[in-house]
Amino acid sequence: MANSNIYTPGGPVQARRGLYISRQADEELLQLCQEGKYVYVLTSRQMGKSSLMFETARRLQQRGTTSIIIDLSDIGVTDATAENWYRGVAIEIETKLEEQGQALTTDVYEWWETHSPLTITQRFTRFFRDVLLQELEGQLVVFIDEIDTTLNLGFTDDFFIAIRALYTTRAQSTSYERLSFVLIGVATPANLILDTRRTPFNIGHRVDLTDFTAAEAWPLATGLGVNEADQSKVFDRILDWTGGHPYLTQQLCIELSRQPRDHWNSADVDGVVHRAFFGDRSDRDHNLQFVRDWLIDPKKCPGRYQVLATYREIWRARQPVMDEDQSLIKAHLKLSGVVKRVGSRLEVRNSIYREVFDRRWIRNHWPETWWDQLKPAVPVIAAVGAVAVVMGGLAWFANGQRLEALAAREDADTQAKLAEERAEEAENQRSLAEAAATEAREAEELAEERLEDSRRAERQAELARQAEAEQRQQAELARQAEADQRQRAEAGESEAQEQTRIAIAEQQRAEEQTDIAQKQARIAQLREQAARVLNLLPTASAVPGVILAIDTMDRSWSEPAVNTTAQASLLKAMQVSQEVNRLQGHESDVESVAISADGTRIVSGGADGTVRLWDANSGAPLSEPIQGH
């Protein structure tokens, strides 16, 4: 029976009680949070970021770690000022803790106003140091969702700089190691601090949220309502179209679950895909609309000519388009979701995107070039050329108009030549773009950069000539300052060496704690095995209990703390166990067994396609396996 309730194509799974699909990112993010690392999960829309965040926060809470989820879209950005925005974040943290039953004794609003003489950034960092870390015990993980909502604000550079400052302060105070952040949104680390004069946001571990694999997504097949004979075939066809994209996969599953039928084939699935995502439906699907906006909306894609040109090369797949972490164009394409990285190259993310955003779509949305603007003037230019020819002919018959005709002809020739040159240039540009749009664009950008560098160098040379006199006057001051800087550098070097020594000592303590924890885990496991031995001996599983007792004894020689317990469990096993013959040989399940009338022989048939004959007393095989039953 179909069950569309398990699918959650939009919003977090936990909000709708849908079926949560675990991926590699789940374990990776949980491990990093438990280790107190700073993490960022930055990818395109509807990849399951919020669901991953809620699930990780829930698992951390179960392990005794305090988790706070802040959705920046709830703070508001329409009329936000730096003062009320930062204060709103702090109050939101207070509210989330109250909802979890961990209310702060500090009134955050009053605390914020009391510390108003400080800058906003100082208040924000001290709020974590003097309030949260003082009142909360244990590890604290703060999830910041929808960070891309801040990118258009003029004051949020300081927000991410403050987070980075909390990270770097760990080198001076170990108490800050209890605090970590997870940043989530549609952005790149380079987007977080826009002021190029400041150090970029270059901390933290990146967690990649990938599409579902076939094994990960398989639980979704249970809600399709497809008979078992068709289920695997239908689900494989779904993944052929979606590539495991979380939203598209679940949305397509919903469409199929709403159209029950006795039998499905690949053509039936293809028909549902066309009705659900292509044609007019593609304009209404919010995921496809998001991708479309990121590719052609001037507000979201200022360099859309370069973006579309690069996407066209990826779509054509005539030659590999390699990914580059430093390329803003390729980063924009990945954030749109239309492409993904496969190995070291970029590919269209799935067949649905490839069908919707195809060659015709690219051509229809190609930005207007100067040649497109020139086209309407071509008839005028041609007309001017024709007039020039006529006037040139009349000049032979009208000597009185010779000078005027000559001037007009020269002007017409100039216009015709200009038109010819422009047409030739346009043709060359079009041919070049058709053959290698990406290379031409990059060459043009490089040429512009070099021209700008040349102009800048000329300006700087002029300024240098003007400043040369002042520099000579300042040279003596610079030499005096150099001595002061050397002294400060030596002091800084000493401080750095001390910080290095402290860091090495902290690392050694951490390694010792890890060794102790691993040893305690081994001892606990051996004690649990010894207890299981005693539980198994009185049951039908006595033989496995003996084996487990031997294994426990063998592994406990290096652990004196549990060796006595292991010896006791082995002794008990030897005292109470009875010999049992085990018939071993089949490579898979045994499906049938028969015993001879005199009780001396046993015959067994297995799913591995063999029949075996055994001695009932010793358990030894009486013949080679008989194949092909």
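Student: By about how many helical turns are E498 and R501 separated in helix 22?

Tutor: This is a predicted model, in which local features need pLDDT of at least 70 and side-chain atom pairs count only at pLDDT 80 or more, while totals for chains, interfaces and linings use all residues. Residues are numbered from 1 along each chain as its sequence is written, and side-chain values use heavy atoms, with hydrogens and water left out. E498 and R501 are separated by about one helical turn, because they stand three residues apart in helix 22 (residues 402-536); helices here are DSSP runs of H or I with at least four residues, strands are runs of E with at least two, and both are numbered from the N terminus.

Student: What do E498 and R501 form, and how far apart are their closest N and O atoms?

Tutor: Side chains of opposite charge can pair when their charged atoms come close. E498 and R501 form a salt bridge, with the closest N and O atoms 2.5 Å apart, where the term means a side-chain nitrogen of Lys or Arg within 4 Å of a carboxyl oxygen of Asp or Glu.

Student: Are R349 and D211 buried or exposed?

Tutor: Both are buried, that is, under 20% relative accessible area, with exposed meaning over 50% and partly exposed in between (1.4 Å probe, protein chains only). R349 and D211 also form a salt bridge at 3.3 Å between the closest N and O atoms, and the pair ties together parts 138 residues apart in sequence.

Student: Which residues touch the most other members of the largest nonpolar core?

Tutor: In soluble globular proteins, nonpolar side chains tend to be buried together. L224, L295 and F357 do so among its 53 residues, a core being buried Ala, Val, Leu, Ile, Met, Phe, Trp, Tyr and Cys residues joined through side-chain atoms within 4.5 Å.
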